[in-house]
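Hi everyone, thanks for making time.

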Amino acid sequence: MTLTNDSFTDGFSDSVGTLESLQKSAIAYLFSDPRLQIVKLNDQEYMDCQIAYRSQQNEQEMMLEATLQAIDDKMSSQEDYSILSIGCGSGLFEKPFLEKLLSLNKTIHFVGIDPNEAECVKAQEWCDKIRIYHTGKFNFTINTVGF
């Protein structure tokens, strides 16, 4: 038997198709369970849940600490940084990170992109404030883009 690229990719496509069918079947089964009650949260309820979740987690602090440690270990002598944040949202993670770099007298060019226009407006607002306090050391662009 001779295998060609076509026979390999055809088999791969069949496997992917089967996997997708299984995933759809599992999801359909889950949603068809009469014991399952799906509740749609309004914006305020969603935000309340996010706040409750985040108050119990320290993921942001851990990520920030690990990122700053990597910079200390590998790039502490670097003076200029170009930073791209894909999915920056309102900048919940980026703001303390950028402020820490600026406190070390680093020069930063920051580009943030996110599909949520309202979140981009929030990021734009705090970036404007940072730029005022760090004239010549911080410039930025925030873009709303569709993914």
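Let's start at Ile83, whose bridge partner in E2 is Phe110. Strand E1 covers residues 80-86 and strand E2 residues 107-114; they run parallel, joined by seven bridges. For pairing, DSSP has to find at least two bridges between the strands. Helices here are DSSP runs of H or I with at least four residues, strands are E runs of at least two, and numbering goes from the N terminus.

A quick word on the source: this is a predicted model, where local features need pLDDT of at least 70, side-chain atom pairs count only at pLDDT 80 or more, and totals for chains, interfaces and linings use all residues. Residues are numbered from 1 along each chain as its sequence is written, and side-chain values use heavy atoms, leaving out hydrogens and water.

Back to Phe110: its bridge partner in E3 is Phe140. E2 and E3 (residues 138-144) are also parallel, over seven bridges. From E2 the chain crosses through helix H5, residues 117-133, to E3, in a right-handed β-α-β crossover. Right-handed means that, with the strands pointing away from the viewer, the path from the first strand over the helix to the second runs clockwise. E1, helix H4 (residues 94-103) and E2 form a right-handed β-α-β unit too.

Now the lysine. Lys106 sits in the loop between H4 and E2. Is Lys106 buried or exposed? It counts as buried, because its relative accessibility is 6%, and the cut-off is under 20% relative accessible area with a 1.4 Å probe, protein chains only. Its side chain reaches the backbone oxygen of Gln78 at 2.9 Å. Thanks, all!

Notes
Buried < 20%, exposed > 50% of the residue type's maximum accessible area, 1.4 Å probe, protein only. Polar contact = N/O pair within 3.5 Å; in protein donor to acceptor, adjacent residues only side chain to side chain.
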